Amino acid sequence: MVAKYNPGEMEKKWQQKWAEDRLYEVNEADLRPKWYALTMFPYTSGDLHIGHWYAMAPADVHARFKRLQGYNVLHPMGFDTFGLPAENAAISRGIHPFTWTMQNVDNMRRQLKSMGAIYDWSREVITCLPEYYKWTQWFFLKLYENGLAYRGKAPVNWCPLCQTVLANEQVVDGFCERCGAPVTRRDLEQWFLRITKYADELMQHNGIDWPERIKTMQRNWVGKSLGTEISFALDRPGVDEREIRVFTTRPDTTFGVTFMVLAPEHSLVAKLTSPDMKAEVGEYVARSQRLTEVERLSTEREKDGVFTGAYVINRLNGESVPIWIADYVLLSYGTGAVMAVPAHDERDFAFAKKYNLPIRVVIAPPGWQGEELEAAYTEPGTMVNSGQFNGLPSEEGINAITGFLEERGWGRRTTIYRLRDWLISRQRYWGAPIPMIYCPNCGVVPVLEEDLPVLLPEDAEFRPTGESPLKYHQGFVNTTCPRCSGPAERETDTMDTFMCSSWYFLRYVSPNCNTAPFDADQVEYWLPVDLYTGGAEHAVMHLLYARFFIKALRDMGLVDFDEPFTRLFNQGVIIAQKQKMSKSRGNVITPDEYVSELGADAVRAYLMFVAPWEHGGEWDDSGISGVSRWLNRVWNLVLGGYSCSGEVSPAVQQKVERELSRIRHQSIRKVTDDLERLRFNTMIAALMEFTNHLDKVKQAGAVDYLHWTENVDTLLLLLTPTAPHMAEELWQRTGHSYSIHNQGWPQWDEEMAKDEEITLVVQVNGKLRDRIMVPTSISEAQARQLALESQRVKAHLEGKEIINTIYVPGRLVNLVVR
């Protein structure tokens with residue numbers, strides 16, 4: 001009698017055995033070629049849900065596959081632990097963020113281990129531990145030394161009642177979520193990283209295999225624009241500035257400027273506003289300060305603005321142009337000033353219509369006779385109402401007007417980027433402290449490397465306002481200047497958590513290195529990462545920041561490669577009840593109960609079978625039950641014994657064995673190809689088909705015992721990456737030595753995998769008329785003859801002349817008639 005499949009006990013047994021034997025620990029002395037497989041590490045939110053498993057289990061399957069193929073595979077795991085969510089969760093529970101975070105780490109580590117992944121836990125990294133964030137601080141100092149970290153002003157959300165900075169998540173419809181007071185924007189001195197230095201390089205993705213949509217998102221985020229900077233003359237009593245400069249990609253439309261728009265926060269607004277408009281402008285500026293950039297740029301929001309009472313001069317035609325302010329213009333992009341050409345810009349057109357501003361056509365559409373436009377015309381055309389440039393095609397006008405402006409010193413060709421420098425300051429406790437000191441004598445002074453890490457104080461007092469307790473902690477704030485030894489104060493901002501995740505993949509290779517953030521020899525061995533998997537939502541933050549980090553480190557001579565991740569793959573999202581999982585919807589699926597009932601192997605296999613990995617799919621209990629039944633069938637198939645029937649003739653046995661060998665080789669080829677391409681759902685389907693065929697062969701007893709065991713061994717090896725616990729157990733129970741995970745991946749023979757028969761499609765004038773089973777070795781003449789002999793085809797040939805025959809070997813015959 002076959003022993004019952006009991007995944008719970010069996011999986012725990014093997015997990016313990018693998019850990020005791022340190023089966024998955026890797027080292028650089030291994031002579032096999034290296035393979036660095038990395039999944040984005042999880043944020044320590046408390047529990048892993050099935051969405052985490054959907055990201056991690058298939059990635060583990062691929063890593064196991066590469067190991068069986070003969071690679072020295074590093075597949076590490078760690079925890080992204082700093083950040084506001086952890087701080088808020090801890091405060092709401094009345095415990096310290098470190099305590100809350102480490103409890104979550106312990107729980108999530110337990111859940112991850114239950115998956116049976118090949119993570120090398122000896123290389124675990126936890127970003128909130130001093131031995132890790134010491135090196136995050138060290139990197140900051142290196143960036144500072146190399147001119148890539150600097151201090152500048154940037155707007156923050158400010159609650160005047162709580163007297164504190166708010167994160168964007170703490171602002172609800174323009175009001176503080178805690179006290180309900182209107183939130184304003186205030187400029188604070190903060191720390192930036194000069195990512196814009198690498199703008200052009202970040203737009204290139206040479207030598208890396210990344211999804212095209214991610215590359216496009218990054219290029220759009222960097223947002224390189226080639227254009228012209230144009231000077232408009234300013235002559236305003238009491239104002240020192242003599243011009244306002246704007247950036248445009250359409251200098252050919254400059255004669256059509258009928259108003260100018262400044263960002264509400266532009267430094268000239270207060271200087272230019274006329275006395276009778278001060279109240280209205282001031283009110284508008286205050287209102288715009290309560291909006292985020294996302295809200296200001298929303299295409300769904302109607303654009304509005306206020307006239308300042310001031311004018312500039314368009315140098316090309318000498319016209320006075322009214323200056324408005326509007327919150328859809330941002331100070332952080334271009335010059336913070338926009339020349340408005342309503343006839344040829346949709347946003348300007350809507351604004352001009354709303355405020356009854358002139359709309360002058362300067363680029364004529366084809367056939368234009370001087371009539372008013374019903375909408376902005378944004379395509380190329382012919383220049384009109386443009387002085388000496390009339391009649392020029394607008395594309396030529398771009399260069400002509402730019403050259404005219406440059407000759408007179410009124411403009412210049414220039415390039416701007418949408419990308420802004422990376423603001424890393426956070427006015428919060430739970431992050432890596434920025435290692436800078438403010439001395440009244442020496443100014444801004446970096447902490448000495450030997451004094452790292454700057455530790456977070458464990459006895460910080462958290463306030464209900466959400467203010468960072470660091471600025472009130474005298475033991476933290478008060479320090480000594482490293483230069484003059486006089487009294488000084490520490491920076492109380494902490495770093496953006498993306499600082500920690502921008503280099504964690506380097507730390508995995510030598511997590512216990514005490515003298516540097518990483519061992520250079522081991523980085524040379526392992527990096528760059530061969531396959532990086534995770535969500536596409538990280539395209540323009542984590543993935544961009546990590547690329548910037550590596551390029552900066554390369555220029556410092558710390559690494560010798562250009563890109564951190566050679567291949568990137570983004571999985572889709574697993575949903576439940578047709579919605580994305582969230583606690584508020586009550587549809588979060590936790591893996592623990594399914595692992596307990598059906599086993600980790602069943603959960604792993606179902607997550608890969610549910611849908612193509614890049615698309616995602618919907619969790620379905622009936623679906624995982626079906627996968628569990630398949631694994632039970634494999635269990636019974638392998639352990640249920642086999643006996644060869646004595647009633648099968650040698651000829652029949654030979655035919656069945658030949659067919660089984662073909663299917664075996666086809667299965668190896670299919671599973672291998674699918675795993676290489678990360679097509680896990682069709683890989684599982686191929687394993688199920690192989691199982692079904694073996695089941696039929698077993699019932700017939702039509703092959704000898706050696707053929708049977710050879711095919712069972714192949715099934716177990718092909719199953720190993722997906723169901724590692726079951727494969728290990730069955731490998732042992734069928735008399736093999738420990739461990740199946742140290743075996744080689746099965747190989748296929750292309751000749752053995754060939755079909756003996758194929759389906760030949762027969763067409764007449766391109767239309768399907770018949771399908772015929774034919775030998776794979778069929779010649780063109782034989783294929784044509786069989787097509788002509790088909791009764792279904794003959795009916796379409798009567799009374800017609802065959803003028804050509806098109807033959808695609810192994811696929812079709814197309815008879816062309818008239």
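These are my notebook entries on one predicted protein model.

**Ground rules**

I count residues from 1 along each chain as its sequence is written.

**Whole chain**

I started with the overall counts. The protein chain has 26 helices and 32 strands. I take both as DSSP runs numbered from the N terminus: helices are H or I with at least four residues, strands are E with at least two. Along the principal axes, the C-alpha atoms fill a box of roughly 110 × 85 × 50 Å.

I then looked up burial. Of the 818 residues in the protein chain, 54% are buried. Buried means under 20% relative accessible area, exposed means over 50%, and partly exposed lies in between, with a 1.4 Å probe and protein chains only.

Next came contacts, meaning heavy atoms within 4.5 Å. Among contacts between residues at least 6 apart in sequence, 72% join residues at least 24 apart.

**The sheet around E3**

I looked up an open sheet of 4 strands, with the order E4-E3-E7-E17 and antiparallel pairing. Its edge strands are E4 and E17 (422-423), each pairing on one side only. Two strands pair if DSSP finds at least two bridges between them.

E3 (residues 149-159) runs antiparallel to E7 (residues 184-193), and 10 bridges join them. Opposite Arg 151 I find Trp 191 in E7. E3 also pairs with E4 (residues 164-166), antiparallel, over 3 bridges. Here Cys 159 faces Thr 164 of E4 as its opposite residue. E3 and E4 make a hairpin with 4 residues between them. In that turn, Gln 163 has a positive phi of about 55 degrees.

**Strand E26**

Which side chains of E26 point to the buried face? In E26 (residues 573-576), Ile 574 and Ala 576 point to one face and are buried.

E26 pairs with E28 (residues 616-618) in the parallel sense over 3 bridges. Gly 616 in E28 is the bridge partner of Val 573. E26 runs antiparallel to E27 (residues 579-580), joined by 2 bridges. Ala 576 has Gln 579 of E27 opposite. The hairpin of E26 and E27 has 2 residues between the strands, and Gln 577 takes a positive phi near 55 degrees there.

**Helix H17**

I compared the length of H17 (residues 542-555) with expectation. Its 14 residues should span 20 Å at 1.5 Å a residue, and the end C-alpha atoms are 20 Å apart, which agrees. The expected span is 1.5 Å times one less than the number of residues. In H17, 13 of the 14 residues are buried. After H17 comes Gly 557, with a positive phi near 85 degrees.

**H19 against H22**

I looked up how H19 (residues 600-609) meets H22 (residues 680-700). They pack at about 115 degrees, with axes 7 Å apart. Axes are lines fitted to C-alpha atoms over the stretch in contact, and angles run from 0 to 180 degrees between N-to-C directions. H19 brings Ala 605, Met 608 and Phe 609 to the contact. H22 brings Phe 680, Asn 681, Met 683, Ile 684, Ala 685 and Met 688. The contact has 8 nonpolar residues, 1 polar and no charged. Ala, Val, Leu, Ile, Met, Phe, Trp, Tyr, Cys and Pro count as nonpolar, Asp, Glu, Lys and Arg as charged, and the others, Gly among them, as polar.

**Cysteines**

How many disulfides does a search of the whole structure find? It finds 0. A disulfide here is a pair of cysteine sulfur atoms within 2.5 Å. For Cys 176, the nearest cysteine sulfur is that of Cys 179, 3.8 Å away. Cys 176 counts as buried because its relative accessibility is 4%.

**Ser 645**

I ended at Ser 645, in the loop between H20 (621-639) and H21 (650-676). Ser 645 is partly exposed, at 24% relative accessible area. Leaving out residues up to four places away in sequence, Ser 645 touches Ala 700 and Gly 701. Arg 633 is 12 residues from Ser 645 along the chain, and their C-alpha atoms are 21 Å apart.

Notes
This is a predicted model: local features need pLDDT of at least 70, side-chain atom pairs count only at pLDDT 80 or more; totals for chains, interfaces and linings use all residues. Side-chain values use heavy atoms; hydrogens and water are left out.
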